[in-house]
Structures are given as C-alpha cells and as structure tokens.
Amino acid sequence: LGPLELAVRLEPGNSQAHLRLGQCALALKRFDQALSALTLATHSPSQQLDALEALGDLWSTRKQNNKAEALYSQVLRANPLQARAASKLARLLLARGEKAGAMRIYDELILRLDAALDKGRSQGRADNQGLLAALQKTRADIVLQKIGPSAQLSRPFGPLPPGRLPDTLHR
C-alpha cells in the first residue's frame with residue numbers, strides 16, 4: 001500500500017488514488033483505512049460509482065448486508081447497466097432467501113443490456129454479449145433451484161423449448 005498511501009499524501013485530491021487505496025486496503029482487510037479512502041473517493045463524480053460499489057463490498061464483507069444492499073442499489077439507480085453491482089445485490093437477496101427479488105434484478109439487467117446491445121449503445125459489444133449469456137444462465141440456475149432442493153446442474157446448458165427441463169438436471 002505504500003505507493004498508494006504516498007500518492008494520496010502527495011495529491012490529496014486524487015480520487016483515483018483514494019479509490020485504489022481503498023480497494024487494496026479492503027483486499028487486505030484493513031477496513032478502517034478502506035472505509036476512509038473509499039468515502040473520500042465518493043466525492044469525485046468520476047470515481048463515485050466504483051467507490052460506492054467498493055463500499056458495498058466492504059459492508060458485505062463485514063456482514064452489514066443492509067448497508068451493502070443500499071449502496072449496490074444506489075449504483076444501479078445511477079447506472080442500470082452496472083452488472084457487477086446488480087449481481088452482488090442479487091447474491092445478497094438470494095442469501096436472504098429472496099429468490100424472486102434476485103430474479104427481478106437479473107431480469108431487469110438482462111432486458112436493459114439486451115436493449116443497449118440492440119441499439120448499439122453498449123461498448124465492448126462482444127464482451128457484453130458474453131455477459132448477457134452469463135446473466136441468462138445465472139437466472140436460469142436460480143429458476144431451476146426452485147424445482148427442488150435436490151436439483152443440481154451437472155453442466156451449463158443453452159436455451160430450451162418452453163416447458164422442457166434440461167437433460168443435465170438430476171433429482
């Protein structure tokens with residue numbers, strides 16, 4: 001952390017340095033230092049969403065899930081295509097047993113990302129098409145978990161006709 005701490009001391013207004021310092025401090029479980037650096041990074045419009053997401057990660061790591069959910073939700077209100085924050089929020093809801101809420105988050109993100117790809121507004125088109133496929137698979141996994149507690153997927157699968165379960169589903 002030394003070089004980042006030095007960068008913050010030399011340029012206290014460098015929000016990117018605060019963000020990176022906060023992310024590194026979080027990875028090293030230096031929670032107080034991470035909280036301080038990330039909070040400072042939220043004051044910069046260019047770093048705000050990444051800093052809010054990292055603060056959500058901090059609170060999630062500390063098992064303060066209500067705070068984490070609020071921060072991930074704030075990121076999504078500002079950028080509805082922010083897949084990382086959406087996925088983290090959905091995982092928190094799943095952990096709390098709120099499968100319907102998690103599916104709703106994935107549904108909204110899938111629709112928005114698909115619409116952005118159709119309109120050509122999404123940068124990194126190939127990457128986002130891969131992301132879209134991953135989100136669809138994750139949503140399908142959530143749905144299939146509702147079938148029964150012993151249902152498991154042995155491998156990924158593609159789209160299926162309505163009403164047909166994949167051959168890889170075992171009970």
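The structure is a predicted model, in which local features need pLDDT of at least 70 and side-chain atom pairs count only at pLDDT 80 or more, while totals for chains, interfaces and linings use all residues. Residues are numbered from 1 along each chain as its sequence is written, and side-chain values use heavy atoms, with hydrogens and water left out.

Next, colour the chain by pLDDT, the predictor's confidence in each residue, from 0 to 100. The protein has an average pLDDT of 78, and 78% of the residues score at least 70. Select residues 147-171: pLDDT stays under 50 there, and the model has 30 contacts beyond four places in sequence for this stretch. A contact means heavy atoms within 4.5 Å.

Now select helix α5, residues 65-78, and find E69 within this helix. Is E69 buried or exposed? E69 counts as buried because its relative accessibility is 12%; buried means under 20% relative accessible area, exposed over 50%, and partly exposed in between (1.4 Å probe, protein chains only). Then display L89, L92, L93 and R96, which E69 contacts when its neighbours within four places in sequence are left aside.

Finally, return to the whole protein. Of its 171 residues, 37% count as buried. Among contacts with a separation of 6 or more, 35% join residues 24 or more positions apart.

Notes. Helices (H or I, at least four residues) and strands (E, at least two) are DSSP runs, numbered from the N terminus.
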